[in-house]
Every structure is written in C-alpha cells, then in structure tokens.
Amino acid sequence: LVSIIVPVYNVEKYLRACLDSILAQTFSNFELILIDDGSKDRSGAICDEYAVGDSRIKVLHKENGGVSKARNTGLDMAQGEYVTFIDGDDTVDADYIGLMYREMVENGYDVVRLSWERGGVNYTYHIKFNSEGRRVVDGESIQTLLLCTNIWGLFRANPQIRFNETLKNGEDSLYVIENFVKSNRRMLLVNKPYYHYTIVEKSASDMSPLERLVAHKKFLNEVLKMKGVYPRIEFLVKRHSLSD
C-alpha cells in the first residue's frame, strides 16, 4: 500500500540506523525503494545487503544526479497507493508510517504530516493544535502558515507530480505545495515528532546567503507557474522564502 522512497548518497555512517528504523515499522505493508545515487562510499553495498532476504526492498544503483532525480527515479518504480520519502541519514519512530496511514484512510486526508525532531529540538510548524494534537489545513488556512519547509509526510501517489530537477533548494517544498493544490486541499498536521532529522556537516542544503537568495528566486518563479490554480500561493511562498 505504501511506497517508501529513500535517496542514498554517501551516508554509510547513518544508513543502517535509517533502514533499521524503517524495517521496525508497526505498519508492514510497504515497499522500500533505495536509490543509490552514485555513492562513493559503502552506501550502495549496504543497500544490497539489506535487500537480501526481504522482498519488500528494491535497490537501484545509478549515476549521481541529485536528490530530486533520485526521488523521481523512485517514483517511477513505486507501485504503492501512497508514497512517503525518508532521507538516508535520518530515522523515524516505529509508528511513523502507521499513524499517517490510519489518519489518511480513516478520515480521507490528501496529505498527512507529522512534526519532527532536529538536534534535540521538536519542530511543529509554529501553529496551534487542538487538544488531540491535530490541525486540519485547508485552502484558506494554508495561506497563513509555514507548512512547506520539508518533504516528510504521506501523500497519495500521483504520477503527474514530480520533483523539479532544476532546483537546488525548495524542491521538497514545491512537491508539497503541488500535492496540496492538485488535491482536495485537505492536509492534516499531527504534533508528534516521529521523524528525526540528522544534522550532517556539509549537507546538500548548505548554501551561502547569495546562493540561497538565487535558489529562492528560482523556486518562487517555479511556484508562480501554479498561480492560476491557487491565486494566493505567491503569499505563501514568499513567507516560506523569507523565513528560511
């Protein structure tokens, strides 16, 4: 039912912990797609090692092309009704997939996302949740919230929605926004930090201020192409860009 796509690039130090956390999920009806994006360390070998004896795991080795191309390759392989993305140097709690899947199926949401932990700090989108730690986002409320700063969550599979391979920053945000505007526009946020982001030195997201400014301008231009679908999306994206 769920396709878990993991782009892998030179993360041998963290990869086993990532894969162990995925295989420990309480929800087991998934396929795990590992895209080795031209790793120069032992990451590719570790992927092959884990695939032995577990038919749910699929491994593809390719030349390095960047995280967006790796995720798109995973989308090409995915057979699940739902799709989620986990980075090869991060980990997730045991009920990460199960919680999102239950909320999506039982209540008909198009996107379900949880809060996350980074460096010992929990992040919750800076919003107010109800007494049960939930917040439903629709076409109106999304205009005032910062909800698109990462790709983590569960999405309904849509082969027409792809990652923009020309962007070096914001490609994950663009994917979330496009999923939202092309769906029934019902997103659920759950205040449970089940995704654990690993801070890695010299990560792909590290940029100089000038590089980040140029990247955000390109990101904004791409999102504005969807303005006809969602007229006030420019406001949302500018909030995101200025806050990053």
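**Figure 1. Helix 3 and helix 5.** The axes of helix 3 (residues 67-77) and helix 5 cross at roughly 40° and come within 10 Å of each other. Axes are lines fitted to C-alpha atoms, for helices over the stretch in contact, and angles run from 0 to 180 degrees between N-to-C directions. Helix 3 and helix 5 are therefore oblique to each other; angles under 35 degrees count as roughly parallel, over 145 as roughly antiparallel, 65 to 115 as roughly perpendicular and the rest as oblique. The model is predicted: local features need pLDDT of at least 70 and side-chain atom pairs count only at pLDDT 80 or more, while totals for chains, interfaces and linings use all residues. Residues are numbered from 1 along each chain as its sequence is written, and side-chain values use heavy atoms, with hydrogens and water left out. Helices (H or I, at least four residues) and strands (E, at least two) are DSSP runs, numbered from the N terminus. On the side of helix 3, Val67, Ser68, Arg71 and Leu75 meet Glu171, Asp172 and Tyr175 of helix 5, where contact means heavy atoms within 4.5 Å.

**Figure 2. The buried residues of helix 3.** In helix 3 the buried residues are Ser68, Ala70, Arg71, Asn72, Thr73, Gly74 and Leu75. Buried means under 20% relative accessible area, exposed over 50%, and partly exposed in between (1.4 Å probe, protein chains only). The cover over these residues includes strand 1, strand 2 (30-37), strand 3, strand 4 and helix 5.

**Figure 3. Lysine 62 in strand 3.** Lysine 62 belongs to strand 3 (residues 57-62). With a relative accessibility of 18%, lysine 62 counts as buried. Neighbours within four places in sequence left aside, lysine 62 is in contact with Ile35, Asp36, Asp37, Gly38, Lys69 and Thr73.

**Figure 4. Helix 1 against helix 2.** Helix 1 (residues 12-23) packs with helix 2 (residues 43-51) at an angle of about 25°, and their axes are 9 Å apart. The two helices, helix 1 and helix 2, are therefore roughly parallel to each other. Helix 1 passes helix 2 in a right-handed crossing; a crossing is left-handed if the near helix is turned anticlockwise from the far one by less than a right angle, and right-handed if clockwise. From helix 1, Glu12, Leu15, Arg16, Leu19, Asp20 and Leu23 meet Ser43, Ile46, Cys47, Glu49 and Tyr50 of helix 2.

**Figure 5. Cysteine 18 and cysteine 47.** The structure holds 0 disulfides, a disulfide being a pair of cysteine sulfur atoms within 2.5 Å. Cysteine 18 is in no disulfide, and the nearest cysteine sulfur, in cysteine 47, is 9.2 Å away. For cysteine 47, the closest cysteine sulfur is that of cysteine 18, too far for a bond. Cysteine 18 is buried, with a relative accessible area of 0%, and cysteine 47 also counts as buried, at 0% relative accessibility.

**Figure 6. Asparagine 10 and its positive phi.** Most residues other than glycine have a negative phi. Asparagine 10 is not a glycine, yet has a positive phi of about 50°. Asparagine 10 is placed in the loop between strand 1 (2-8) and helix 1, and at 32% relative accessibility counts as partly exposed.

**Figure 7. Aromatic pairs.** A search of the whole structure finds 12 aromatic pairs. Rings of Phe, Tyr and Trp (its six-membered ring) pair if their centres lie within 6.5 Å; planes under 30 degrees apart count as stacked, over 60 as edge-to-face and the rest as tilted. The ring centres of tyrosine 82 and tyrosine 101 are 5.7 Å apart and the planes stand at 85°, so this pair is edge-to-face. The pair links distant parts of the chain, with tyrosine 82 in strand 4 (residues 82-85) and tyrosine 101 in helix 4 (residues 96-107), 19 residues apart. Tyrosine 82 and tyrosine 101 are both buried. Phenylalanine 155 and tyrosine 175 form an edge-to-face aromatic pair, at 5.3 Å centre to centre and 80° between the planes. Phenylalanine 155 lies in strand 9 (residues 154-156) and tyrosine 175 in helix 5 (residues 171-181), so the pair ties together parts that are 20 residues apart in sequence. Both phenylalanine 155 and tyrosine 175 are buried.

**Figure 8. Aspartate 110 in a loop.** Aspartate 110 is located in the loop between helix 4 and strand 6 (111-118), and is buried, with a relative accessible area of 7%. Aspartate 110 and leucine 154 are 44 residues apart in sequence and 8.4 Å apart in space, C-alpha to C-alpha.
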